[in-house]
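Here are my notes on this model, point by point. Please keep the sequence and the structure open while you read.

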Amino acid sequence: MKNRFILVVDDATKEQRDEITRFFKEQQTGYWHWFKDTWLITDISQRWNSVSLRDAIQRLVPGVNTLILKVESGTDWAAFGRKEQFEWLHKTWND
């Protein structure tokens with residue numbers, strides 16, 4: 001079982017977005033970040049919840065508007081774009 005989250009930020013600079021991505025790499029958290037202000041996150045360790053993830057992001061990039069949504073297993077989704085953009089979703093996001 002893994003937790004899944006959607007993180008959306010607003011008005012973040014490129015440097016701030018890069019800082020968020022580095023954070024997920026350091027935490028060894030699975031993530032998808034093909035859209036500029038959005039990350040899809042998988043947390044196998046189940047150490048994160050919406051509030052703790054929001055707080056961690058706010059410590060990294062104070063003042064950036066942030067939205068965290070927990071996604072339940074089996075959530076229906078659809079996308080359009082280049083095939084390689086969505087390979088991670090098919091392999092990792094789905095159970």
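1. Start with L53. Setting aside neighbours within four places in sequence, L53 is in contact with F5, F23, F24, I41, W48 and I68. Contact means heavy atoms within 4.5 Å.

2. The largest nonpolar core has 16 residues, and L7, I20, F24 and L53 have the most contacts inside it. Such a core is a set of buried Ala, Val, Leu, Ile, Met, Phe, Trp, Tyr and Cys residues joined through side-chain atoms within 4.5 Å. Buried means under 20% relative accessible area, exposed over 50%, and partly exposed in between, with a 1.4 Å probe and protein chains only. Two or more residues of this core come from each of β1 (3-10), α1 (14-26), β3 (38-43) and α2 (50-60). A second, separate core has 7 residues, among them W32, L40, W88 and L89. In soluble globular proteins, nonpolar side chains tend to be buried together.

3. A word on the source. This is a predicted model: local features need pLDDT of at least 70, side-chain atom pairs count only at pLDDT 80 or more, and totals for chains, interfaces and linings use all residues. Residues are numbered from 1 along each chain as its sequence is written, and side-chain values use heavy atoms, leaving out hydrogens and water.

4. Now the fold. The protein has 3 helices and 4 strands. From the N terminus, the order is β-α-β-β-α-β-α. The radius of gyration is 13 Å, close to the 12 Å that the globule rule gives for 95 residues, so the protein is as compact as a globular protein of that length. That radius is taken over C-alpha atoms, and the rule is 2.2 Å times the number of residues to the power 0.38. Helices (H or I, at least four residues) and strands (E, at least two) are DSSP runs, numbered from the N terminus.

5. How much of the protein is buried? Buried residues make up 35% of the 95 residues. Of the contacts with a separation of 6 or more, 67% are between residues 24 or more positions apart.

6. Check two loop residues. Q28 lies in the loop between α1 and β2 (30-32). Its phi is near 55°, a positive value in a residue other than glycine. Is Q28 buried or exposed? Q28 counts as exposed, because its relative accessibility is 74%. Q46 sits in the loop between β3 and α2. Phi of Q46 is near 60°, again positive in a residue other than glycine. At 40% relative accessibility, Q46 counts as partly exposed.
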